[in-house]
Amino acid sequence: MSENKQQVYRVEGLSCTNCAAKFEKNVSQLPNVKTAKVNFGASKLSIEGEATIAEIEAAGAFENLRIKSEHDPVSQVAVKTPFVNRNWYLLLSLFLIILAFIAQIINGEEALLTEGLFVSAIIIGGFRLFKEGVSDLLKLNFTMETLMTIAIIGAALIGEWTEGSIVVILFAISEALERFSLDKARQSIRDLMDIAPKEALIRRNNIEHWIDVSKIEVGDTMIIKPGQKIAMDGRVIKGYSSVNQAAITGESVSIEKNIGDEIFAGTVNEEGALEVRVTKQVNDTTIAKIIHLVEEAQGERAPAQAFVDKFAKFYTPAIMIIAALTVIIPPLFFQGAWYTWVYQGLSLLVVGCPCSLVISTPVSIVSAIGNSAKNGVLVKGGIYLEEIGGLKAIAFDKTGTLTEGTPVVTDFISVDPTNEEKYFSIIAAIESYSQHPLASAIVKEADKRTRPSRSVVVDGFTSLTGKGIQGNVAGSTYFVGSPKLFEAKVIADSKMIEPYQTLQQQGKTAMLLGTEHQILAVVAVADEVRATSKSVIKKLHDLGIEHTIMLTGDNATTAQSIGKQTGLTEIKGDLMPQDKLDYIKALKQTYGKVAMIGDGMNDAPALAASTVGIAMGSIGTDAALETADVALMGDDLQKLPFIIKLSRETLKIIKQNITFSLGIKLLALLLVVPGWLTLWIAILADMGATLLVTLNGLRLMKSKPK
């Protein structure tokens, strides 16, 4: 194995950011490891170099971490050790404490049996804690374990066996709660991993058999029956069906699939049988990319988390210094009783433990990012989750973002309504020879009508550059295009020019059909506005987004028409990519935080320059998944207000958690002054704060789009 090869492992049992940092440091110090990086949110370890699983588990022995290869089936990674096996020391310690309380009632607090039971409970329940705490103390590394170890040893020295044992048991329970809460938050990613089946029915050499997805190759033919989940990405080569893509887009509306259409792993085939040619290996499927990107996102520290981690580095030593001063100053300078102030100092160490502060941010970020992914919005990191909530302006591309992105026939007017179908068939028949993008919209519309264009024979097709096209049908020459095709007298006598001009002013592309002597009809094609665009823009304004602007390369007339229909505050057309970039820079100077949302390569510079770049309709688009900061997996703008609300809710909960955690610590400091702080109050305050901030953060998993 190459020394520089990167290996990725899944880690089970990571319960706090301090543990993750310690584990990362331990692994990086292994002999053949160059670098190690722990992704706490995703519970993954990446190492550059060489190390065995046994060596890595030894580096994580302080937390009893279990290591699995990234490519092991998730079901194996997530296998839960029975509760009793995992927490036997905790249960035994709790049992001994109960016996100690019974002995205390019967024999008294100072009885040898009572003290012996409390000491046994402290040693068994706190062995791992003492081991780490003493090790950290010798290295002058001031951690939560250091604080708790000093507090428990101090309680023992002054004879407070009861409180010492309770500190041990409640600290262990607090750690178990942290582990549970983060496992719960990470469950959203495990749910994504379990979406795609682990095997598929494959036909090779005319023989059908079930094959593990890891052994399926690009080009294999996959058979998918009605009601089955789809195991691999591919393209339909036979059959017709509707597929539920909710697993990727968050939308439960079924999508029709015909020959040539793409399908994605993790989605559900609802009706017909399909034969699909596999186009990607299992690790390259869209769902695999989403999982990878979400895990990477959960590893990216949000600014709030970075602040808390930095603050905790100074906070923990500060608490130790304040506790030491609390013990020393009153007895030395104010004739205070040593026992009283040692007791107060120990209580301060317990309540000062930064458990709740450290867990307050990661549990919120992991919950929010996992929840958004399940609802079809891929956020690439905590920093972007925070930035979305502070947006003041949003710029939209037009085509494929505010509009459907596919031109359709919107209007058809003829001089003779009785011959309307005949005229439309002639237009469609001539357009079927054209390479113009709008021609396909007319041909598709003709196929929906009663008289198909294929029954009309066209001879002598000619493209007239800058004007339109012409062709012979049944001995007559017909022209399709702009008024430039017709003589002035024909135009002056025609009733079709006025509707033609009206349609053009509405931002539609209008075309005339006629002969040398008469204009017979006008047809209009346009990229229609999404049904949800107007309501989404209104919701954004209601949410406090001050400025919404369209930045499009389309002509100004079309841009104005679309913009007015959607309710945007500003509309700009005829823009090159550089122009879009300049507008984004100007918006950032005016509004500070600006998002750009688009779906095309020409949007890339503007997406990169914005505070948050949002890619639209990213399902199956690798480039959009990789480059955007946020990706809306389905073609649904309604997810935009949802992610803004989720971002703001996340920020609010993080602030609540930090404020509450620090408030409890400050209150404890104030209780020290009159000497009212007890170990019991300290224990309940610390554990209560940890429990409350954890549950508060987990609430983000319940947020849903309305």
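Q: In which element of the protein is confidence lowest?
A: This model is predicted, so each residue carries a pLDDT, the predictor's confidence from 0 to 100. Confidence is highest in strand β15 (residues 393-396), at a mean of 94. Helices (H or I, at least four residues) and strands (E, at least two) are DSSP runs, numbered from the N terminus. At a mean of 41, the lowest confidence falls in helix α3 (residues 74-77).

Q: What is the mean pLDDT of the protein?
A: In this predicted model, local features need pLDDT of at least 70 and side-chain atom pairs count only at 80 or more, while totals for chains, interfaces and linings use all residues. Residues are numbered from 1 along each chain as its sequence is written, and side-chain values use heavy atoms, with hydrogens and water left out. Of the protein's residues, 87% reach 70 or more. The mean pLDDT is 81.

Q: Which residue in β11 stands opposite R235?
A: Strand β8 (residues 234-238) pairs with β11 in the antiparallel sense over two bridges. Opposite R235 stands E262.

Q: Which strands are at the edges of the open sheet of four strands?
A: The order is β2-β3-β1-β4, and the pairing is antiparallel. Each edge strand pairs on one side only. They are β2 (33-39) and β4 (66-69).

Q: Which residue in β3 is the bridge partner of Q7?
A: Strand β1 (residues 6-12) and strand β3 (residues 44-49) pair in the antiparallel sense over five bridges. The bridge partner of Q7 is I47.

Q: Which residue in the turn between β17 and β18 has a positive phi?
A: Four bridges join β17 (residues 459-464) to β18 (residues 468-473), and the two run antiparallel. They form a hairpin with three residues between them. The positive phi, about 80 degrees, belongs to G466.

Q: Which residue takes a positive phi in the hairpin of β18 and β19?
A: Six bridges join β18 to β19 (residues 476-481), again antiparallel. Two residues lie between these strands. With a phi near 55 degrees, the residue is A474.

Q: Is S165 buried or exposed?
A: S165 sits in helix α8 (residues 161-193). Beyond four places in sequence, S165 touches I97, F118 and I122. Buried means under 20% relative accessible area, exposed over 50%, partly exposed in between (1.4 Å probe, protein chains only). The relative accessible area of S165 is 0%, so S165 is buried.

Terms used:
Two strands pair if DSSP finds at least two bridges between them. Contact means heavy atoms within 4.5 Å.
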